[in-house]
Amino acid sequence: MNLADIPENLSELIVNKALELGFSACGISEAGHLSKDAGFMEEWLSLGFHADMHYLEMNKEKRYNPKLLVDNAWSVVSVLYNYFPEEQLPSADNYKISKYAYGTDYHIVIKDKLQILFQFTKTCFPDLTGRIFTDSAPVLDRAWAEKSGLGFIGKNTCLIHPRKGSFHFIGHLIVSYPLTVKTAPVTDYCGTCRRCIDACPTGALVAPHKLDARKCISYLTIENKKPFMQDFDFNDWIFGCDICQDVCPWNRFSTTHNEARFRLSDEIKNMRKVDWESLTEDSFNRIFKDSAVKRTKFSGLTRNIEAAKKKD
Ligand code: SF4
Ligand code: SF4
């Protein structure tokens, strides 16, 4: 294909298509080396704040340089997908799971939509190559979203869109074409606020923008595969933790998602503590068949429930 055949407004076409597909925001950045973020990540790793997530020590150069991850990488198209629910898990006599895990695993939902976006991009420019990413490869998701102008990284380490809040999944297309970059990075609007730091029940936000995963309920209840070594009170969280996002003033701008696959099933909605405590492996496999909760496995979830139960 002749380069002259490529629509001049290809970037706008991609952004518009992303919004049409239900993404809340879409921005484009140049696929350069993430030097500042690499420095931050290296310091974070050196402090051991990544706990047992040793995979973060691997493929570092690919993580910092998309050109090593995708042949001929020129541009990163970043998207946000809202998961803020209309209806939250009933709180009375109940345990808590993070809002992002209420429905179908986001990897499945976002991957389908990114695939459609990628195909659309290829119809505009058939010679284009690239890859889609949904928290599935060594990609610094929040750094790219920030670079693409989709928000700033708050003191709670989440990507915060100044008009839509932080309850979003992040995905990317990395493509072999120099798309026009129209978005500028967003200013950090945390200011003097420290609500997230003060609200974290385990002191995992050890400083602004510094999360010690070894103390974070989200890490401990999901990624951590070991028994709990410290006697933390998980405040009834049994999968993930939303506290540092729930208290963030920028989340007053959250609007409810429109994704049927993210809705709570009636079965999960009707569960109370006694049902969680008597969950069998068969029920776990059935109820969470397509859910992100599967990540912690039955053994992890029952470990979390036991720990939460002890604090009642
Ligand atoms: S997810 Fe929960 S435990 Fe982790 S930093 Fe946020 S408030 Fe603290
Ligand atoms: S709670 Fe305050 S300090 Fe924390 S991320 Fe939100 S605005 Fe920033």
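This is a predicted model: local features need pLDDT of at least 70, side-chain atom pairs count only at pLDDT 80 or more; totals for chains, interfaces and linings use all residues.

**Ligand 1.** I sorted the shell around ligand 1 by class and got 9 nonpolar residues, 1 polar and no charged. My classes: Ala, Val, Leu, Ile, Met, Phe, Trp, Tyr, Cys and Pro are nonpolar, Asp, Glu, Lys and Arg are charged, and the others, Gly among them, are polar. The residues in that shell are C200, T202, A204, L205, L211, C216, I217, C241, I243 and C244. To count as near, a residue needs a heavy atom within 4 Å of the molecule or strand.

**Ground rules.** Residues are numbered from 1 along each chain as its sequence is written, chains are lettered from A and ligands numbered from 1 in the order written, and side-chain values use heavy atoms, leaving out hydrogens and water.

**Ligand 2.** Here I found G154, K155, N156, I160, C190, C193, R194, R195, C196, C248, P249 and W250. This shell splits into 7 nonpolar, 2 polar and 3 charged residues.

**Domains.** Next I looked up the domain assignment (bounds are automatic or from a database). Domain 1 is 3-175, and domain 2 is 195-243 + 267-310. I noted 35 residues from domain 1 and 38 residues from domain 2 in the contact (heavy atoms within 4.5 Å). The C-alpha centres of the two domains are 24 Å apart.

**Buried area.** How much do domain 1 and domain 2 bury between them? I wrote down about 3200 Å², with 61% of it on carbon and sulfur atoms. That is the accessible area (1.4 Å probe) the two parts lose on being put together, summed over both. On the domain 1 side, F49, Y95 and K96 supply 25% of the area buried against domain 2, more than any other three residues.

**Salt bridges.** I counted 4 between domain 1 and domain 2, using a side-chain nitrogen of Lys or Arg within 4 Å of a carboxyl oxygen of Asp or Glu. I also looked at E43 and K210, whose side chains form a salt bridge at 3.6 Å, N to O. E43 sits in helix α2 and K210 in strand β9 (residues 210-211), so this pair ties together parts 167 residues apart in sequence. Helices (H or I, at least four residues) and strands (E, at least two) are DSSP runs, numbered from the N terminus.
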